[in-house]
Amino acid sequence: MKIRVLVCCDESIMSAAMRALLDQQPDIEVTGYATGRESAAAVAEMAPHVMIVVAPALGLEDKRELAELAALTKIILIAKAESAHRSVEALCIGVRAVLAPDSSADDLIHVLRTVSAGATMVMPTAARRSLQRLPERQGWTSRSAEMAAELTPRESEVIVLLAQGKSNAEVAEELSVSLATVRSHVHHVLRKMGVSTRAQAVAIAYETGLMAAIGRTAEFRGREW
């Protein structure tokens with residue numbers, strides 16, 4: 001079955017270009033276009049698997065609209081991540097992925113397939129790195145330490161791989177374990193962090209400083225996340 005994609009963009013030329021790109025993929029079908037104002041009605045009518053939202057049709061400031069759309073389908077938001085924390089906020093309201101406008105076509109297609117399969121690409125690499133350079137907020141150290149203590153070493157590694165946008169299959173291959181084992185690890189991570197989605201888990205891991213705490217351990221030296 002093909003991945004049904006709805007494109008939300010206020011610029012017709014960009015919408016056409018995106019369709020031309022995605023229609024070349026044998027497993028992807030663009031079902032239609034919508035502007036920001038039409039987006040909710042279009043999702044209800046077309047029932048896409050994934051909706052690609054291109055700012056400024058809707059952007060990081062349109063939290064209410066994005067949350068409503070995220071309740072209906074999986075959202076990939078293409079927007080400038082001028083503030084890393086705004087990308088985190090988008091993930092917390094249900095957006096599955098935030099991509100920079102200068103992302104490559106290959107990146108978009110990979111993210112689309114990954115999100116459709118149920119996994120999450122988090123945010124542009126530059127935004128992730130900028131989060132790690134921010135001074136720790138009050139309360140970050142204690143909270144990240146508490147969560148780091150709750151997670152097993154393997155669960156910590158899983159959260160790092162999820163933050164890299166790995167699918168369950170890719171995590172399984174990376175760790176040389178079964179898909180069932182990966183699903184179990186993800187379930188435990190979500191339960192321990194008190195969240196319901198991978199996106200929320202990764203967003204909280206960044207925002208609380210947990211990712212930085214994991215990155216400081218010897219076990220994860222040399223990884224990029």
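Which side chain meets Glu 155 in a salt bridge?

Good morning. The structure above is a predicted model, in which local features need pLDDT of at least 70 and side-chain atom pairs count only at pLDDT 80 or more, while totals for chains, interfaces and linings use all residues. Residues are numbered from 1 along each chain as its sequence is written, and side-chain values use heavy atoms, with hydrogens and water left out.

Let me begin with the overall picture. The protein has 12 helices and 5 strands; these are DSSP runs numbered from the N terminus, with helices (H or I) of at least four residues and strands (E) of at least two. Of its 225 residues, 48% count as buried. Buried means under 20% relative accessible area, exposed means over 50%, and partly exposed lies in between, with a 1.4 Å probe and protein chains only. Among the contacts with a separation of 6 or more, 69% are accounted for by residues 24 or more positions apart, where contact means heavy atoms within 4.5 Å.

Now to the opening question. The partner of Glu 155 is Lys 192, and the distance from N to O is 2.8 Å. A salt bridge is a side-chain nitrogen of Lys or Arg within 4 Å of a carboxyl oxygen of Asp or Glu. Lys 192 belongs to helix H10 and Glu 155 to helix H8, so this pair ties together parts that are 37 residues apart in sequence. Glu 155 is buried, at 4% relative accessible area, whereas Lys 192 is partly exposed, at 26%.

The count by this rule comes to 6 salt bridges. Another salt bridge is formed by Glu 157 and Arg 154, at 3.4 Å from N to O. These two residues are 3 apart in helix H8 (residues 153-163), which means that about one helical turn separates them. Glu 157 is buried, with a relative accessible area of 11%, and Arg 154 is partly exposed, at 32%. Arg 19 and Asp 23 also meet through their side chains, at 3.3 Å from N to O. Arg 19 is partly exposed at 28%, and Asp 23 is partly exposed at 41%.

I turn next to helix packing. Two packed helices are described by the angle between their axes and the distance between the axes. The axes are lines fitted to C-alpha atoms, for helices over the stretch in contact, and the angles run from 0 to 180 degrees between N-to-C directions. Angles under 35 degrees count as roughly parallel, over 145 as roughly antiparallel, 65 to 115 as roughly perpendicular, and the rest as oblique.

How are H8 and helix H11 (residues 198-207) placed relative to each other? They pack at an angle of about 100°, with their axes 10 Å apart, and are therefore roughly perpendicular. On the H8 side the contact is made by Ile 159, Leu 162 and Ala 163, and on the H11 side by Arg 198, Ala 201, Val 202, Ala 205 and Tyr 206. These residues divide into 7 nonpolar, no polar and 1 charged. Here Ala, Val, Leu, Ile, Met, Phe, Trp, Tyr, Cys and Pro count as nonpolar, Asp, Glu, Lys and Arg as charged, and the others, Gly among them, as polar.

Helices H9 (residues 168-175) and H10 (residues 179-193) pack at about 105°, with axes 9 Å apart; they too are therefore roughly perpendicular to each other. In the loop between H9 and H10 lies Ser 176. Its phi is near 60°, a positive value in a residue other than glycine, and Ser 176 is exposed at 67% relative accessibility.

Finally, consider helix H2 (residues 39-46). Which of its residues are buried? Ser 39, Ala 42 and Val 43 are buried. They cover an arc of only 100° around the axis, and so lie on the same side of H2; the arc is that of the directions from the helix axis to the C-beta atoms. On the other side, Ala 41, Ala 44 and Glu 45 are exposed. The cover over the buried residues includes strands E1 (3-8), E2 (28-34) and E3 (50-54) and helix H3 (63-70).

Just after H2, Ala 47 takes a positive phi of about 50°, and Ala 47 is partly exposed at 40%. In the loop between E3 and H3 we find Pro 56, and the peptide bond from Ala 55 to Pro 56 is cis, with omega near 15°. Thank you.
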